[in-house]
Amino acid sequence: MARTIARGLQGDGVPVVTGCGVDGIVSAPARIGLRHRGGETRARFAVFCAGIGSDRLAEAAGASADPRVVPFRGAYRYLRRERRSLVRSLIYPVPDPSLPFLGVHLSRHIDGEVSLGPTALLAPRRARDLTWPGTWRVARRWWRTGVSELRHAVSQRSLAAAAAAYVPELRADDLDGGFAGVRAQAVGRDGKLIDDFVVSETERALHVRNAPSPAATSAFALAGLIAERAEGAAP
Ligand SMILES: Cc1cc2nc3c(=O)[nH]c(=O)nc-3n(C[C@H](O)[C@H](O)[C@H](O)COP(=O)(O)OP(=O)(O)OC[C@H]3O[C@@H](n4cnc5c(N)ncnc54)[C@H](O)[C@@H]3O)c2cc1C
């Protein structure tokens, strides 16, 4: 999707610069400058959608340091081909409204593959994540949940047992291979896990700091809202 959009933009003469992370923001008269390995890109207004890097860029542009983005590692496993017939649709637990996580669910994909997961493991990567008071407050508040997530992450048996609540025939040796991703989770200074979109404004930019699931599924609807807000905010 992203490649197709980029091709369309380039066809309209819009420059597309990739493969060079923004590592600095400079304010120039009537312009915002984005510094990166390839030089500097200047614009009248910028919209930052940098996922895990979004808090750093927002702060660099002068926005509040709260909330901070803290990484959570989420791993999914696949069911062995011979066992895929156990799952014929999407199976989700009733969510715990106090947590912005879906819980272990089973998804049948369009190619017949069945995935199971995710785990949700607090995975601070930088000193910056550890110095944020919210990270420690999350750990203190949710340590019980954290322990069971850790069990799911290290033990195939434990993850399978969680999914067996919905598919009783499921066994640990039904799992085979998988993939993992890192979820950029906004955490307030008070340790609150934020489960809604967080968009902040600075003079010449809009910062999307938290775009949790289903931000991918609803990307176009969300893009419409962001574009509308950017048009309203641009000087
Ligand atoms: C395992 C997993 C499963 C998920 N499943 C679903 C699902 O089924 N449905 C759904 O709707 N959502 C799902 N999500 C959530 C979804 O991926 C996110 O909500 C969505 O990707 C957020 O979009 P974003 O554009 O804000 O951030 P991202 O998709 O993270 O994109 C941010 C981009 O900015 C780049 N970047 C970071 N820092 C910089 C920098 N300094 N300079 C330049 N670029 C930078 C990153 O490399 C990245 O490409 C899932 C997430 C995970 C982790």
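I began with Arg80, which is partly exposed at 25% relative accessibility. My cut-offs: buried is under 20% relative accessible area, exposed is over 50%, and partly exposed is in between, using a 1.4 Å probe and protein chains only. A reminder to myself: this is a predicted model, where local features need pLDDT of at least 70, side-chain atom pairs count only at pLDDT 80 or more, and totals for chains, interfaces and linings use all residues. Residues are numbered from 1 along each chain as its sequence is written, and side-chain values use heavy atoms, with hydrogens and water left out.

Which residue forms a salt bridge with Arg80? I found Asp174, with the closest N and O atoms 3.2 Å apart. (A salt bridge here is a side-chain nitrogen of Lys or Arg within 4 Å of a carboxyl oxygen of Asp or Glu.) The two residues sit 94 residues apart: Asp174 in the loop between helix H6 (156-163) and E9, Arg80 in the loop between strand E5 (68-79) and strand E6 (105-108). Helices (H or I, at least four residues) and strands (E, at least two) are DSSP runs, numbered from the N terminus.

Is Asp174 buried or exposed? Asp174 counts as buried, because its relative accessibility is 2%.

With a relative accessible area of 23%, Arg83 is partly exposed. I noted that Arg80, Glu82, Arg83 and Asp174 are linked in a network of salt bridges.

Then I checked Arg84, whose salt bridge with Glu113 has its closest N and O atoms 3.2 Å apart. Glu113 lies in the loop between E6 and strand E7 (114-117) and Arg84 in the loop between E5 and E6, so parts 29 residues apart in sequence are tied together. Arg84 counts as buried at 14% relative accessibility. How many salt bridges does a search of the whole structure find? My search gave seven.

**Entry: around the ligand**

One is 2.6 Å from a polar backbone atom of Ala211, and a ligand oxygen is 3.3 Å from a polar backbone atom of Pro214. At the side chain of Thr217, an N or O atom is 2.8 Å from an oxygen of the ligand. Taken alone the ligand exposes 1000 Å², and the protein buries 54% of that.

I found Ile25 in strand E1 (residues 22-28), and Ile25 is buried at 17% relative accessible area. From C-alpha to C-alpha, Ile25 and Ala60 are 6.4 Å apart in space, though 35 residues apart in sequence.

Last, I turned to Met1, in the segment before helix H1 (2-11). Met1 is exposed, with a relative accessible area of 65%.

Conventions
A polar contact is a pair of N or O atoms within 3.5 Å; within protein, one must be able to donate a hydrogen and the other to accept it, and residues adjacent in sequence count only if both atoms are side-chain atoms. Accessible areas come from the Shrake-Rupley method with a 1.4 Å probe; for residues, only the protein chains shown count as cover.
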